[in-house]
Structures are given as structure tokens and as C-alpha cells.
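Please have the sequence and the structure at hand.

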Amino acid sequence: AIWGDVVRAGVVDKPWAARAGIGVRGKHPNRASRDFGSGLVVAEVFTTLDLAPDRPQDETKTYHCGSCDKCLCACPTDALPEPYRIDPGRCVSYLTIEHKGDIPSDLMAAMGNRVYGCDDCLAVCPWNKFQRPGGIEQLRPRAELSMPRLADLVKLEDADFRAFFSGTPIKRTGRDRFVRNVLIAIGNSGDQGLLAQARALTGDPSPVVARAARWAVDRLQKAGVSATGV
């Protein structure tokens with residue numbers, strides 16, 4: 001019965017990781033491991049094998065992180081209002097990957113140049129001193145996806161987007177959401193050289209892209225005026 005309930009409700013990674021003894025709950029509040037730091041990729045294997053269970057983690061303990069609040073301070077959109085709790089509606093990972101519509105202007109301004117996800121809270125975690133390089137080749141970064149230029153990404157049409165991100169999780173966001181995110185990064189860049197490209201998308205067939213483009217144009221124009229003092 002329990003497996004039927006799991007399948008119907010979906011698999012929630014972190015509670016199952018706790019039951020399997022993988023890491024502890026950080027204030028971020030993702031899993032943090034004494035062996036692997038905060039850079040954990042959690043997966044599940046369903047089997048009928050009779051395996052000896054691991055010792056579950058005691059999630060009632062809060063001393064694992066001590067007084068450290070680096071993750072809370074690092075969040076660019078204040079999505080971590082208190083330890084061990086996240087406001088998903090403000091999380092950049094949710095906004096750039098899962099959120100399908102327009103993003104509130106105050107959150108767009110705080111997103112900086114993040115176009116797909118955000119690991120700031122994980123990156124500053126002191127538990128990362130225990131990290132070791134992974135050995136799974138499929139998880140290594142692709143060279144062409146290292147530091148891509150906003151000027152190139154914003155020009156992607158649907159077919160180009162699908163081809164460029166084939167075989168990556170980015171593909172599931174779809175071209176429209178991704179280009180929306182790129183336009184937000186352009187608006188935050190202050191780069192007047194990108195103004196024409198943002199303006200070209202103000203009439204995009206996708207409403208979410210067109211609105212992000214208009215926001216980017218307005219933000220760049222204001223940044224230009226501020227820089228010149230005109």
C-alpha cells in the first residue's frame with residue numbers, strides 16, 4: 001500500500017533521503033552531507049529486493065548548522081525567511097524553471113543574471129568543505145554551455161533552443177520561459193549593447209517573452225539615462 005501511495009502522490013526526494021540516512025537538513029533547507037557537502041543529487045530506486053534499511057536521520061535536531069546563516073544571507077530574493085523554511089514563490093530556481101507566467105518586477109530586479117536555477121544558498125554552505133569531485137561523466141558540464149553569451153541565448157527560436165539544449169534538463173523549460181529569463185538578465189545587465197535585441201522581442205508571439213522584453217528595454221533605458229546623467 002505504501003508504494004501505491006508514493007506513486008500516486010509523487011516522490012518527494014528529501015523526506016526519503018532522510019529515511020535513508022543521507023545527509024542532514026540544512027537551513028537552506030536542502031540536504032547537507034558530512035561526506036559530500038550540499039552538492040547532492042538525490043535519486044530513487046524502486047525494487048522488490050529485501051534490503052536492510054539504513055538508519056534514518058533525526059530531523060528534529062537543529063544543531064547541525066549551528067549559528068551559521070550564510071545560506072539565508074546569500075539568497076538574492078529573500079526566499080529563505082527563516083532557518084529550515086523556504087518561500088518557493090520567491091526562489092529563483094522555481095521562478096526560472098517551474099514558473100510559467102510573468103515574474104513580479106521586484107523579483108526580476110533581484111534575479112541578476114541567473115537564467116536557469118540558482119545555487120547561491122548551496123554554494124556558500126560550509127559543509128561543502130567535504131565535497132569531492134563527482135565521477136559521473138553525464139553530469140559534467142558541456143563546454144558549449146559554459147558561460148554562454150546573453151546576446152546569443154536571446155536569439156534562440158524554438159527549434160534552435162531544442163537543438164542547443166538537447167539532452168539537458170534546460171530543454172523542459174521550453175523556449176519561451178528560457179528567453180524570458182534571458183531577457184530579465186539582459187535588463188539587469190546594464191549593457192546598452194543589448195538594448196536593440198531586447199527591443200526586437202517586444203512584439204514576440206509569446207506574451208511572456210514580449211512583456212519581459214518590454215521590462216528589459218525600460219530597465220536598460222533607465223540605466224542608460226542614469227549613466228549619462230541626461
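In which strand does Arg31 lie? Arg31 belongs to strand S2, which covers residues 31-32. The model is a predicted one.

**Arg31 and its polar contacts**

Arg31 is counted as buried because its relative accessibility is 5%, and the cut-off for buried is under 20%. Its side chain makes the polar contacts listed here with backbone oxygens.

**Nonpolar cores**

The largest nonpolar core comprises 34 residues, and Phe178, Leu183 and Ile186 have the most contacts inside it. At least two residues each come from helices H4 (92-98), H5 (105-110), H7 (150-153), H9 (174-189), H10 (195-200) and H11 (207-228). Helix H11 contributes the most to this core, namely eight residues.

Beyond its neighbours within four places in sequence, Leu183 contacts Val154, Ala198, Leu201, Val209, Ala212, Ala213 and Ala216. Another core lies apart from the largest one; it has eight residues, including Leu72, Cys75, Cys91 and Cys121.

**Asn181**

Is Asn181 buried or exposed? Asn181 has 0% relative accessibility and therefore counts as buried. This residue is part of helix H9. When residues up to four places away in sequence are left out, Asn181 touches Leu95, Thr96, Ile103 and Val115.

Definitions and conventions. Residues are numbered from 1 along each chain as its sequence is written. This is a predicted model: local features need pLDDT of at least 70, side-chain atom pairs count only at pLDDT 80 or more; totals for chains, interfaces and linings use all residues. Side-chain values use heavy atoms; hydrogens and water are left out. A nonpolar core is a set of buried Ala, Val, Leu, Ile, Met, Phe, Trp, Tyr and Cys residues joined through side-chain atoms within 4.5 Å. Buried means under 20% relative accessible area, exposed over 50%, partly exposed in between (1.4 Å probe, protein chains only). Helices (H or I, at least four residues) and strands (E, at least two) are DSSP runs, numbered from the N terminus. Contact means heavy atoms within 4.5 Å. A polar contact is a pair of N or O atoms within 3.5 Å; within protein, one must be able to donate a hydrogen and the other to accept it, and residues adjacent in sequence count only if both atoms are side-chain atoms.
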